[in-house]
Amino acid sequence: MTTETENIESLVNRRYEHGFVTDIDSDSLPPGLDEDVVRAISARKEEPEFMLEWRLRAYRLWLEMREPTWAHVHYPPIDFNEISYFSAPKSDKDRPKSLDEVDPKLLETYDKLGIPLHERARLAGVAVDAVFDSVSVATTFKEKLSEAGVIFCSFSEAVKNHPELVQKYLGTVVPQRDNFYAALNSAVFSDGSFVYVPKGVRCPMELSTYFRINAANTGQFERTLIVADEGSHVSYLEGCTAPMRDENQLHAAVVELVALEGAEIKYSTVQNWYPGDENGKGGIFNFVTKRGDCRGANSKISWTQVETGSAITWKYPSCILRGDNSVGEFYSVAVANNFQQADTGTKMIHIGRNTRSTIVSKGISAGRAQNAYRGLVRVMPQARDARNHTQCDSLLIGKDCGAHTFPYMEIKNPSARVEHEATTSKISANQLFYCRQRGISEEDAVNMIVNGFCKEVFKELPMEFAVEAQNLLNVSLEGAVG
Amino acid sequence: MLEIKDLKASTGDTPILNGLSLTVKAGEVHAIMGPNGSGKSTLAQVIAGHEDYVVTEGSVEYKGRDLLELAPEERAREGIFLGFQYPVEIPGVNNAYLLKAALNAKRKHHGVDEVDAFEFLKLAREKMALLGMDPKFLNRGVNEGFSGGEKKRNEILQLAMLEPELAILDETDSGLDIDALKAVAQGVNALRSPDRAIVLVTHYQRLLDYVEPDVVHVLSGGKILRSGDKSLALELEEKGYDWVREAANA
């Protein structure tokens, strides 16, 4: 048994590969938050009046709110006055028109991450809106998208060029007062992505954004809004990595999805932020509010996430099934290693008639990590014939980690059919020995077992992302053996 | 091929093997018999390299090399196969996937081109037909929900695919009905060749009716008490193990 423990410990110890800092001068606001900071952010972004008013309202709401404490995570108190709320690459004014004009150092950064932007964008046919720190610096394939009438741009651009759309939909899924972090985000959000797919249009390519946290001590407050008009279809990919840092970095994003009648949105995330070192030092605090609103009948929203990073993950991508016959899906793989803490899950709110939701959650814990699934299925009184199926599986690697499941169900209509299945399993020494006796190395064996465990979720990811996710999982657990 | 000298091994503080010596030559089939707790399975596990067992004295040479220096996966790639007494279930991992990974790990180690999915499938189907196995087996999770007999057949399929030089089958015959036993025996006999050695660890004479051993050993108290030809197995069946123990103590 002791040899097993040693194995676990030595093998769990693997360094974060993407730990480096790109040396680009940042034009940051000094740390601290008050109304002047909110005004300064809005002014720097040359926002219209309505946007400033919206931010200020959010800021005032935030002042009245408290940090939530119900999640199964522990961390030292965050001093919100030690955070700088804006940071942009210095050459903000003359932003590059194409990749050729992009700061070569940034491109180098992407290379280190294994994201050759030109290659990837061209070969994979993926439009990339790269968010580097807070301001978008490269957008590709815009022309092809605009031919189809699809708007895909940074949030700041959307505020300038499509204020009517922003005003119509912003905050309608996640209101400013929704929760502490959403309110904070609403006040100080830096940038993010905006997508609008017009009626009846099938977006001709997967839309993809790479987020990256770079400037020291800068909270990141991304804001993403995706609107799929009637009968349209869009698939959106989000992937992130961050450089190594000693102090904890706060990240509080808000993502809002709106699916009108007959529309379908597929939102896939691979999240690989710095999780902290093997002693739990450093790492990103990730407090995210992601919510989709199936506003129209027969609409569908599908969340797929692979979460391997962050010191703390607090994230519940949710679906409001408002339209009749609407469908919500949540497929998740959450990996927690070393001292990582993940409290993640989903909410499915059934309002319309004959609405359906599926939840498949796979939690993997290794080292001393704690991994919690927290899911709510709520069937409102008017939601006749609602159906939900929840499957919640945990895999433990080693003996010092933990898995927790908190399913909540609130069923207010007797015609609802709700199913919940949960399992917990371990990678055993015997399974590993069996594989090794067949000539397969310990690491390959762990990868094989973990990938087998996650199969149901990976098959929901777009092809190119699925391979990446699988590799990421292998890297995250490299050595995590028990 | 395999040369074990004065081997002592323990798990935790409990000594199990107490100076065991055994020589197995290429082309031979050995049967190791003995009562429960005599150390049969421990011997198999030590040869395969299970970390729960610590070798305290003695040596094990395999093809002229010190076997104890090699990690379990290296031993496997060098041609040692252990048919497990209790094959583990690995849910969600496709049987074919494991088998292909195992085959390719070995091929890579020997500098041979890895097989692709098509070659693999062709090979696997051939072997399965030979063993009378349903090809659907390949698409199931490794031993997931398999009956006892299916698990043992699966071990034999792996054996047939990997074509080891030294195969150790740890009570592969126990708990099998007669059809499964014949299938296992057929798989083992198909592997017999002048370049290979097979060690059958078993409780019963039954398997030896179908796979004829060259040498039979009686293991008791962590030592080999007696070795002989196949008639020894019949004698054991008739008289039990006490007889050998008494003879050894006399």
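**Helix packing and chain contacts in the predicted model**

Helices α5(B) and α6(B) are roughly parallel to each other, because their axes cross at roughly 10° and angles under 35 degrees count as roughly parallel. The axes of α5 (residues 148-162) and α6 (residues 178-191) of chain B come within 10 Å, axes being lines fitted to C-alpha atoms over the stretch in contact, with angles running from 0 to 180 degrees between N-to-C directions; helices are DSSP runs of H or I with at least four residues, and strands are runs of E with at least two, numbered from the N terminus.

The model is predicted, with local features requiring pLDDT of at least 70 and side-chain atom pairs pLDDT 80 or more, whereas totals for chains, interfaces and linings use all residues. Residues are numbered from 1 along each chain as its sequence is written, and chains are lettered from A and ligands numbered from 1 in the order in which they are written.

Between the chains, 22 residues of chain B are in contact with 17 residues of chain A. On the chain B side, α2 (72-77), β7 (90-94) and α3 (95-109) each supply at least two residues, and α3(B) gives the most, with six.

In chain A, Asn451(A) lies in helix α11 (residues 442-458) and counts as partly exposed, with 18 C-beta neighbours inside 10 Å (buried at 20 or more, exposed at 12 or fewer, partly exposed in between). Leaving aside residues up to four places away in sequence, Asn451(A) touches Gln470(A) and Leu473(A).

Conventions. Angles under 35 degrees count as roughly parallel, over 145 as roughly antiparallel, 65 to 115 as roughly perpendicular and the rest as oblique. Two residues are in contact if their C-beta atoms, placed from the backbone, lie within 7 Å.
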